[in-house]
Structure formats: C-alpha cells, structure tokens
Amino acid sequence: MAELSKLLAFMFKEDKEDILAQYNKMLDEADDEQALLDSFGSPTKLAVTISRTYKRSERKLAVEADSKEDKPAEPEHIIVTPVKKEKPAEKPAEVNTGLSYADIIEEIRREKAAEEGVEYKPMFFNEPEQPAPEPEQPETETAEEPEQTAAAEAPEEDAPETAETESEPEEAEAEEETAGEAEAEETPAEEETENGEENAEETGAEEATVVEPAEADQPEEETKAEEEAAEAGETETEPAEDSYAPELVFEELESIEIPEETTRYKTNVALLILYLIFAIPISAVLIVLALAVAVVLVALGVSLITIGVEAIGFAFAKLVIFADIMLCAGAVLIAFAVALILLWIGVLVLVRGISGIVRGAKALGRSFCVKEVPDNE
Amino acid sequence: MSKVWKVISTVAIVALILGALCILAGFVTGGDVQRVKDVFFASYDIENKINALRSAMGIMALN
C-alpha cells in the first residue's frame with residue numbers, strides 16, 4: 001500500500017486517500033488476504049491500471065467548479081473499468097479473483113454516495129473498448145458488464161439508479177446467470193443492464209460481491225496486448241511520477257508573484273513654477289555671458305592670427321637684418337599658438353557652455369521639484 | 001572632442017616652442033627689439049598718427 005501510495009502521486013490527494021482506504025477495506029474484509037493481493041498483481045501494475053482510467057483533468061475542473069460554487073466535496077468520478085487479470089484457468093475459484101479493482105472502488109463509492117444521498121460522479125475513464133463477455137464462462141459473469149455500459153452511457157447517473165450490482169452473493173450468481181444467458185443470446189448491452197438493474201432492485205440487497213467478467217471473455221491476443229501495454233505503462237508511469245513533484249514545485253514557484261518595486265515621479269507644480277520664474281532669467285543671462293565670452297575669445301584668436309600674418313609680412317618686407325626677422329617670426333609663432341588656444345576655448349564655451357547651462361538648469365529643477373515616490377503609495 | 005583638443009594643444013605647444021627658439025635665435029644672432037620698433041614706426045608712420053590722435057583727444061577734452 002505504501003508503494004501504491006507512492007505510485008499514485010499523480011492523483012489528487014483525496015482521490016488517492018480514498019482509493020487506498022477502499023483497498024485497505026477490501027483487504028480487511030477479504031477472507032484470504034494473500035489471494036486478494038495476488039489478484040491485485042504488483043503495485044506498479046495496479047497503479048498503471050488506475051492511472052489509465054483516472055481523469056485528472058476533469059477531476060481538476062470538477063474541483064475548481066466545486067470551489068467556485070462553494071459546495072462541500074463531492075464524491076469523485078468513478079467509471080467502471082475492468083482490470084486485466086491472470087488467466088482464469090490458473091486462478092483459484094475465489095470470489096475476488098476476477099475483480100476489477102476500479103469496479104470495486106466504484107461500487108463502494110457508489111454505495112457511499114447512495115447512503116449520503118449525493119450525486120455520484122465517476123472518477124475513472126470508462127475504457128470504450130470493453131470486450132463483450134462471452135458465454136463460455138457464464139458463472140463468472142456479473143452485472144459488471146451492464147454496469148460498465150451504463151457508466152459509459154450515463155457516467156453521472158445517480159447511484160441508486162446504477163446500484164444494480166448490490167445484491168447478496170447468491171443473488172449475484174443469479175444475476176450472473178441471467179446476464180450470461182442474455183449474453184449467450186447475444187442481446188445488446190443495454191438490455192443486459194436493464195436485466196441487472198431489475199434483479200438488483202428486486203433483491204434490494206446492500207452489498208454484493210462483484211465478480212468481473214473473466215479474462216477469458218477477451219481474446220487471448222487482447223489479453224497479451226493489454227499486459228504488454230501495462231508493462232510498458234509501468235516504465236512510462238514511473239518517470240512521469242518522478243517528474244510530477246518537481247513540476248508541482250515549479251508551478252508553485254511560478255504562482256508566487258514577486259511584487260515589483262516600481263517608482264513614479266511626483267512633480268511639485270508650485271515649486272516648479274517658482275523655479276522657472278527664477279531659472280529662466282538666470283539661465284538666459286548665463287547663456288548670454290557664455291556667448292559673450294565665446295565671441296570675445298574667438299575674436300581675440302582671430303585678431304591675433306591677423307596681427308601675426310601682418311607681422312610676418314612686415315618682417316619679411318621691411319626688416320633687413322636676419323636676427324630681427326627671427327625675433328618677429330618667433331613672436332608671430334607664439335601669437336599663433338595663443339590664438340589657436342583662444343579659438344579652441346571659444347568654441348568649447350560656445351558648444352559645451354550653453355548646453356551645459358541648459359542641462360544644469362533642468363537637473364537642478366528636477367532635483368528641486370520632482371520627487372521619486374514608490375508606486376504603491 | 002578630446003582628440004581635437006589633443007591635436008590643438010600639441011600644435012600650440014609646438015608653435016610656442018618654435019617661437020621661443022626663434023626669439024632665442026634672434027637674440028643670439030644680434031637682434032634688437034628697439035630697431036624693429038623704429039622700422040615699424042617709420043614704415044607705417046605711427047608717430048604722426050599717435051600725435052593726431054592725442055590732439056583729437058585734447059580737443060574733445062577741452063569741449
């Protein structure tokens with residue numbers, strides 16, 4: 001049971017606990033517990049069988065709908081599903097030998113739903129490819145097949161209406177015989193269901209040992225194919241279960257929303273107007289000053305260059321002594337160097353000075369008039 | 001901008017050094033600033049222009 005519980009990790013907790021409780025109940029009530037365990041097969045195989053018919057998505061939808069309607073927990077969806085068994089010839093003639101575990105669970109749940117008077121909803125898929133029971137083994141026939149058909153056609157049928165298999169063992173045998181005869185006559189499944197229901201209603205019994213159609217009902221090829229599929233399902237289910245827990249963890253982590261700390265800027269309009277009243281004239285004066293300085297610097301540079309050109313012309317035109325010419329040339333070169341620096345400074349003042357004054361005025365106004373406040377305040 | 005500033009500063013420094021070397025060479029080779037000034041004043045008649053300016057400034061001051 002512990003291993004089965006681990007293997008059923010993909011199910012909802014309440015479903016899993018319910019199923020485990022019902023299996024425990026079956027084991028407690030069984031005369032030969034070991035034989036019942038043998039009939040179950042390995043826990044992995046049992047889990048695969050349950051997983052193939054478990055409607056987790058619909059169950060999730062049902063749970064969400066229940067929570068929205070704020071209703072008490074409803075019984076889970078159960079659809080009768082036959083489970084493969086070992087060859088019936090090799091099996092002892094036990095009552096539970098050919099049982100479908102999902103069928104038993106379904107019966108118990110249906111019973112419980114009928115007692116509680118709540119609507120019964122199936123938990124498992126009803127596998128559509130249910131083989132029709134053959135008349136070769138009528139003694140193992142039960143009302144299982146009609147029940148399956150009924151579940152397939154109306155999975156949400158009320159429990160009292162579908163509790164056709166609740167009968168005493170002797171009566172169940174009578175039902176089996178009736179169903180077997182009906183199947184032997186190749187009647188439709190609906191008719192069998194009606195027969196089973198009528199018999200059950202007549203008996204009015206509360207409990208019944210449900211005997212599933214024997215494995216011999218299905219062809220041996222199908223049995224082998226199902227066994228292979230179940231074995232393959234074992235290998236597929238285990239990694240799926242392993243990956244389920246991390247998936248849940250990731251879903252939880254994704255569901256956690258980290259609040260983003262956003263900030264917004266709040267402008268003090270009155271202070272901004274006051275700032276603009278002072279800042280615009282001051283900035284204009286500073287810009288004019290910067291322009292004037294730049295113009296003066298550029299004019300000085302241009303003048304120096306002009307004087308230098310005139311001086312070098314005078315030196316080579318009027319002066320006759322080489323030493324005097326060298327003195328004039330040296331002075332003109334120095335004048336050119338200074339003029340070049342003055343021109344460059346003038347350009348810098350013109351470009352960077354004015355743009356710097358504008359940016360500085362804006363930054364100062366922002367620091368004075370705009371406050372950065374958290375968004376949630 | 002900094003690259004332009006480096007180029008300009010380099011050219012200016014080179015020009016300063018060359019000018020200083022030229023002035024040094026002129027002084028070494030017997031150059032005289034007073035002589036250059038006399039030639040300049042004589043060539044452009046600077047003395048008469050200065051006298052005319054001074055007389056003009058005096059008339060303006062008397063008025």
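Colleague: Which backbone oxygen does the side chain of Thr29(B) reach at 3.1 Å?

Modeller: That is the backbone oxygen of Gly26(B). A polar atom of the Thr29(B) side chain also lies 2.7 Å from the backbone oxygen of Ala25(B). Thr29(B) itself sits in the loop between helix 1 and helix 2 of chain B.

Colleague: What should I keep in mind about the model and its labels?

Modeller: The model is predicted, so local features need pLDDT of at least 70 and side-chain atom pairs pLDDT 80 or more, while totals for chains, interfaces and linings use all residues. Residues count from 1 along each chain, chains are lettered from A and ligands numbered from 1 as written, and side-chain values use heavy atoms without hydrogens or water.

Colleague: How many helices and strands does chain B have?

Modeller: Chain B has three helices and zero strands, and its order along the sequence is α-α-α. Of the 63 residues in chain B, 14% are buried (under 20% relative accessible area; exposed is over 50%, partly exposed in between, with a 1.4 Å probe and protein chains only).

Colleague: What span does helix 2 of chain B reach between its end C-alpha atoms?

Modeller: Helix 2 of chain B, residues 33-44, has 12 residues and reaches 17 Å, close to the 16 Å expected (1.5 Å times one less than the number of residues). At its start, a side-chain oxygen of Asp32(B) comes within 3.2 Å of the backbone nitrogen of Gln34(B).

Colleague: Which residue follows helix 2 of chain B?

Modeller: Asp45(B) does, and its phi is positive, near 55°, although this residue is not a glycine. Asp45(B) belongs to the loop between helix 2 and helix 3 (46-62) of chain B. With 37% relative accessibility, Asp45(B) counts as partly exposed.

Colleague: How does helix 13 of chain A cross helix 1 of chain B?

Modeller: Compare the axes, which are lines fitted to C-alpha atoms over the stretch in contact, with angles from 0 to 180 degrees between N-to-C directions. The axes of helix 13 (residues 322-369) of chain A and helix 1 (residues 2-28) of chain B come within 7 Å and cross at roughly 160°. That angle makes the two helices roughly antiparallel (over 145 degrees; under 35 is roughly parallel, 65 to 115 roughly perpendicular, the rest oblique).

Colleague: Which side chain in chain B makes a polar contact with the side chain of Asp324(A)?

Modeller: The side chain of Arg35(B) does, at 2.7 Å. Asp324(A) is found in helix 13 of chain A and is buried, with a relative accessible area of 2%.

Colleague: Is Val288(A) buried or exposed?

Modeller: Val288(A) is exposed, with a relative accessible area of 52%. Its place is in helix 12 (residues 269-318) of chain A. The C-alpha atoms of Val288(A) and Ile354(A) are 8.7 Å apart, although 66 residues separate them along the chain.

Colleague: Which residues in helix 2 of chain A are buried?

Modeller: Among them are Asp15(A), Lys16(A), Ile19(A), Tyr23(A), Met26(A) and Leu27(A). An α-helix has 3.6 residues a turn, so residues three or four places apart point the same way. Helix 2 of chain A covers residues 13-29, and its end C-alpha atoms are 24 Å apart, in agreement with the 24 Å that its 17 residues should span.

Methods:
Helices (H or I, at least four residues) and strands (E, at least two) are DSSP runs, numbered from the N terminus. A polar contact is a pair of N or O atoms within 3.5 Å; within protein, one must be able to donate a hydrogen and the other to accept it, and residues adjacent in sequence count only if both atoms are side-chain atoms.
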